[in-house]
Amino acid sequence: MSCKPSPKLQELTNKSLEDAEWQLRLYNLLQDQTEVEFNPVELMCKVFDQNLFAHFHWVRNNYFFKELKLHFDDQMILWQDSWSEMLILDQMHHRIHHNLPDETELPNGQKFKLLSLALLGVPSMAKKFLEISDNLKQLCFDSADYVCLKFILLLNAGALQNKQNKQKVQKCSEQVHQILLQHCQTCYPNVPEKYIQLLAQIPELRFMAQRGEDFLHLKHLQGNAPQATLLMEMLHAKKR
């Protein structure tokens, strides 16, 4: 549906990673995979690492987030708390809007399951992933909803200890909720309770993210995942 975004929504979505760039980075990384035999978990972790760097750049350079003027340590806490949920949401967005396939062929002729990226490596979560994706489709999930939900995931004031910063982040989160509510009411009056139903998907995303983190941490402990990477830093930070 065509609907002019509000000034606040434009401000929020400014500097978001372009969808075409996201997919280009993904496929370029996969096309660099030329080994005859490869470790699917290791390749999956490389993709996650690339996505995490892109997210970090997005978070640090978004005007809306910059205005919080948080200390770097608190920025990292928010990011460490939400990265896995945001990675899953990215995959849902690209599957819904850009027909991202379940698998792709690598230069060595082998198949790589792109769906494993969406599931953070846990095949048994496929049903839950598809269920949430179907719910979003029925809610006419669009790019504005996508960015707003990412910010709502990121701005979890409960993850912080500093009282003043908790209040700043909570206030900012409330602004994002209001922006999303206004967008839903203005652009989708024929989708009943869209705002409420979008928020209802967040606990489901967090459930999936927790299971994915546990799986990746186990692979790390077993020596089947890269060691000194941003992904592992995020996992260890969450476990601490």
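Author: One definition to begin with. The expected span of a helix is 1.5 Å times one less than its number of residues. Keep in mind that this is a predicted model.

Reader: What span should helix 8 have, and how far apart are its end C-alpha atoms?
Author: Helix 8 covers residues 143-154, which is 12 residues, so it should span 16 Å. Its end C-alpha atoms are 17 Å apart, which agrees.

Reader: What caps the N-terminal end of helix 8?
Author: Asp-142 does. One of its side-chain oxygens lies 3.1 Å from the backbone nitrogen of Ala-144.

Reader: Back to Lys-150. Which side chain does it meet in a salt bridge?
Author: That of Asp-90, at 3.0 Å from N to O. Lys-150 is in helix 8 and Asp-90 is in helix 5 (residues 72-98), so the pair ties together parts that are 60 residues apart in sequence.

Reader: Are Lys-150 and Asp-90 buried or exposed?
Author: Both are buried.

Reader: What does His-55 touch, leaving out residues up to four places away in sequence?
Author: Trp-79, Met-86, Leu-87, Asp-90 and Lys-150. So both partners of that salt bridge are in the list because contact means heavy atoms within 4.5 Å.

Reader: Where does Asn-51 lie?
Author: In helix 3 as well. Asn-51 is buried, with a relative accessible area of 8%. Beyond its neighbours within four places in sequence, Asn-51 is in contact with Trp-22 and Leu-87.

Reader: New topic: charges. How many salt bridges are in the whole structure?
Author: Seven. One of them joins Lys-194 and Asp-145, at 2.7 Å from N to O. Lys-194 is in helix 10 (residues 194-200) and Asp-145 in helix 8, so this pair ties together parts that are 49 residues apart in sequence. Both Lys-194 and Asp-145 are buried.

Reader: And Glu-105, what does it form a salt bridge with?
Author: Lys-111, with the closest N and O atoms 3.5 Å apart. Glu-105 is partly exposed, with a relative accessible area of 45%. Lys-111 is partly exposed too, at 48%.

Reader: Which residues are linked in a network of salt bridges?
Author: Lys-128, Glu-131 and Glu-204.

Reader: Is Cys-148 buried or exposed? And Cys-45?
Author: Cys-148 counts as buried, at 0% relative accessibility. Cys-45 is buried as well, with a relative accessible area of 3%.

Technical notes: Residues are numbered from 1 along each chain as its sequence is written. This is a predicted model: local features need pLDDT of at least 70, side-chain atom pairs count only at pLDDT 80 or more; totals for chains, interfaces and linings use all residues. Side-chain values use heavy atoms; hydrogens and water are left out. Helices (H or I, at least four residues) and strands (E, at least two) are DSSP runs, numbered from the N terminus. A polar contact is a pair of N or O atoms within 3.5 Å; within protein, one must be able to donate a hydrogen and the other to accept it, and residues adjacent in sequence count only if both atoms are side-chain atoms. Buried means under 20% relative accessible area, exposed over 50%, partly exposed in between (1.4 Å probe, protein chains only). A salt bridge is a side-chain nitrogen of Lys or Arg within 4 Å of a carboxyl oxygen of Asp or Glu.
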